[in-house]
Amino acid sequence: MFGIFKKFKSRQHAEPSVEGRRLTIHTMVAMAAADGDVGVEEMAKIDEIYAGLTGTQIGADTIGQIAYPFLDQRVDIEEKLRDEKDTLTADEKVLIFKSAYMILLADGLVEAGESLTLEAIERGLEMSRDDAQSIMNEVEAA
């Protein structure tokens, strides 16, 4: 997993808008929640991945402040992304999908719920299958 961070540190995404950051964090949390509860360790991993992709460390506490109300509301991530996708730049959409995929890979096991959540994220962003696969290939090649 750390090899992924080394590669992306030299190819960071621009810091997203406030809305882009919020949706990125919500999407990563939705992915982390796909295989169970989201605890402190997962919040730290979300912060680590976000910092590796953007160069900005938010802090696990701040991520928790963004994430826990989202989790409590049991928001449908596909619907949320579909509703808000027009507020995102193309780079923010790539960042969202890439960060979600990196969360999926973080524990070394891909469970059915995680695969379904990743597909929902892809649909919510209205991303083509080829574009999604390209992003996944890039992450895996790191």
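Helices here are DSSP runs of H or I, at least four residues each, numbered from the N terminus. That matters for the first residue I want to show. Just after α7, E126 takes a positive phi of about 55°.

A word on confidence. This is a predicted model. The chain averages a pLDDT of 85, and 92% of the residues score at least 70. Residues 1-10 stay under 50. The model still has 24 contacts for them beyond four places in sequence. Where pLDDT is low, predicted coordinates should not be read in detail.

Now α7 itself. The helix runs over residues 112-124, 13 residues in total. From first C-alpha to last, α7 reaches 18 Å, close to the 18 Å expected at 1.5 Å a residue.

Which residues of α7 are buried? They are E114, T117, L118, A120, I121, E122 and G124. An α-helix has 3.6 residues a turn, so residues three or four places apart point the same way. Keep that in mind when you look at the list. What covers these buried residues includes α2 (18-33), α5 (77-84), α6 (90-106) and α8 (129-141).

Next, the core. The largest nonpolar core has 36 residues. I46, F97, L118, I121 and L125 touch the most other members. Elements giving two or more residues to this core are α2, α3 (40-54), α4 (60-73), α5, α6, α7 and α8. The most comes from α6, with eight residues.

Last, F97. What does F97 contact, leaving aside neighbours within four places in sequence? The partners are L118, I121, E122, L125, M127, A132, I135 and M136. Of these, L118, I121 and E122 are also among the buried residues of α7.

Note on methods: Residues numbered from 1 in each chain as written. Predicted model: local features only at pLDDT ≥ 70, side-chain atom pairs only at ≥ 80, totals over all residues. Heavy atoms only, no water. Expected span 1.5 Å × (residues − 1). Buried < 20%, exposed > 50% of the residue type's maximum accessible area, 1.4 Å probe, protein only. Contact = heavy atoms within 4.5 Å. Core = buried A, V, L, I, M, F, W, Y, C linked by side-chain atoms within 4.5 Å. pLDDT = per-residue confidence, 0-100.
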